[in-house]
Amino acid sequence: MSTILQTHSSDVNCTAFSGSLLATCSGDKTIRLYDISKDFEELPFSPLIGHSYYVHCCVFSPFGTHIASCSTDGKIIIWDTKNGQSVRIFNHESNAIIRVCSYSANSKYLVTGAADNIVCIWDVDSCKLYKSLDGHVNVVTACTFTPDSDFVVSGSANGDLRIWNTCSKNSTCLFYDPNCHDFTLGCIAISPTFASTKDSFELTTHPTAIHFLMATCGDSLVKLWDLITSPLCCTKLRCKLKGHTANVNSVAFSANGLLLASGSFDKTVILWNPLTSERISVLDGHSRYVTSVAFSLDGMYLASGSNDRTVRIWNISHNQGCRSIAYNITQPLISRSKDGEIDNQLLESTALKDWSVQDVCEWLQLLGLSQYSKTFKENCIDGQELIMMDSDMLASGLAVEPLGHRNKLLRSVKAVKENTFFTQKESDGDIPDEYHCPITREIMKDPVICADGYTYERNSIETWLQRNNTSPMTNTQLINCQLTPNRSLKAIIQRIIKSDTF
């Protein structure tokens, strides 16, 4: 028997459990709360509404009495889980997009990572900024406290990792690994059980060393580390967990530290034994990439959120393969055939041979393969080049290594040439991401290109520029505030609207 959760109307970005509740947050600007004991029935005062833009992360306080959320609007809001009321609001000084937040185990602090490259530690009771940690040179994409609350570990879009002291007046980074991951460090999780890797760490030199088991993810790998915080801060790579075929977005430990989950762009969730590095199970059910994974505190359930706008609850109480018991009823953003191939798209196109390099990059986004856009652009792959492409050229010349990705590209090229790729219509709600403004996540009516190269809804980016001179997407300084109408995208959207596809 399955339980159906209340649907979000946009991407699900984060999932989190307390002892009795499940929380989810979304690009639809809301946080939703569900009662675990009542088959995940949504609470009467849910959704929680207070953010004006995309909500990136939500996390419960250690005792579950409050939940914190952070957003593109530069705010952290703390909510009372008994009534859904906002009890505290923290405003980031630079109004930068806040990507991630996490409570300390003692409930005293909240740490946040933002697009201005700064890690901030907030005093929860006083509602004031306790400490700013400056050192990352790119967007902070991950941050968390050690289980003893004494240290913060953070990572950025450059793939680097840093360790900081929570309580010391000194804000200097204690340890820096510039090559933790090759690309964006997507998430950091630390096992809540102490000394869980004692057998793997040499204690002969420092028998009183304090250490934890830490997982990080980025590129297509999950990495397990010994995290040492005393007498000196450092990390020691324990192993690499290979199984995903695309970038890994999220990792989480179970409360007893005996299970590790990871969610990826390949649309799967993998369960691992972190002590033996064994892959236990692959959970396949989402139609788009998995953004978040979280374990219930009793170890019975695993929640996964996705860009397909769904949340799935997997029953993991029995070690006999995991069963999805709860899903969202919305359709996937792109309808697919049984073998996973795209059946239809909104975009109408000129002949493949006339495609520009930008057209090819936009097509890669529709396929869910935008990670290759940069390589295709650097190699000037336009429609003519795409026609000549074969599997070996994709692998050796364009670094498309996964066989599944190469096959998908070649089948889709064939569909375009046969005029079958763009001929079907999608149902309401199945709208490609590129038709949405990155700020509001709403369908654009007057799309304009900013100096950062991204396209936004005119009113939204104009409002942003009134109080910022940086890019909403990269937080880098804009060379100018000129907005150029994206007429081709506007024409496509208008054409689809007139045809009643939306």
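## Strand 4

In this predicted model, strand 4 (residues 30–35) is mostly covered, with six of its six residues buried. T30, R32 and Y34 point one way from the strand, I31, L33 and D35 point the other way, and all are buried. In a regular strand the side chains alternate between the two faces of the sheet.

## Partners of strand 4

Strand 3 (residues 21–26) pairs with strand 4 in the antiparallel sense over five bridges, and T24 stands opposite R32. These two strands form a hairpin with three residues between them, and K29 in the turn has a positive phi of about 80°.

Strand 5 (residues 41–42) runs antiparallel to strand 4 and is joined to strand 4 by two bridges, with Y34 opposite E42. Strands 4 and 5 also form a hairpin, this one with five residues between them, and D39 in the turn has a positive phi of about 55°. Strand 6 (residues 48–49) is antiparallel to strand 4 as well, through two bridges; here I31 stands opposite L48.

## Nonpolar cores

The largest nonpolar core has 43 residues, of which I67, A68 and I76 touch the most other members. Leaving out residues up to four places away in sequence, the residues that I67 touches include I31, L33 and L48. A second, separate core of 19 residues includes A115, V448, C450 and I492.

## The whole protein

The protein has seven helices and 33 strands. Of its 502 residues, 55% count as buried. The accessible surface comes to about 21,700 Å², and 49% of this belongs to carbon and sulfur atoms.

Methods:
Residues are numbered from 1 along each chain as its sequence is written. This is a predicted model: local features need pLDDT of at least 70, side-chain atom pairs count only at pLDDT 80 or more; totals for chains, interfaces and linings use all residues. Side-chain values use heavy atoms; hydrogens and water are left out. A nonpolar core is a set of buried Ala, Val, Leu, Ile, Met, Phe, Trp, Tyr and Cys residues joined through side-chain atoms within 4.5 Å. Buried means under 20% relative accessible area, exposed over 50%, partly exposed in between (1.4 Å probe, protein chains only). Contact means heavy atoms within 4.5 Å. Helices (H or I, at least four residues) and strands (E, at least two) are DSSP runs, numbered from the N terminus. Accessible areas come from the Shrake-Rupley method with a 1.4 Å probe; for residues, only the protein chains shown count as cover. Two strands pair if DSSP finds at least two bridges between them.
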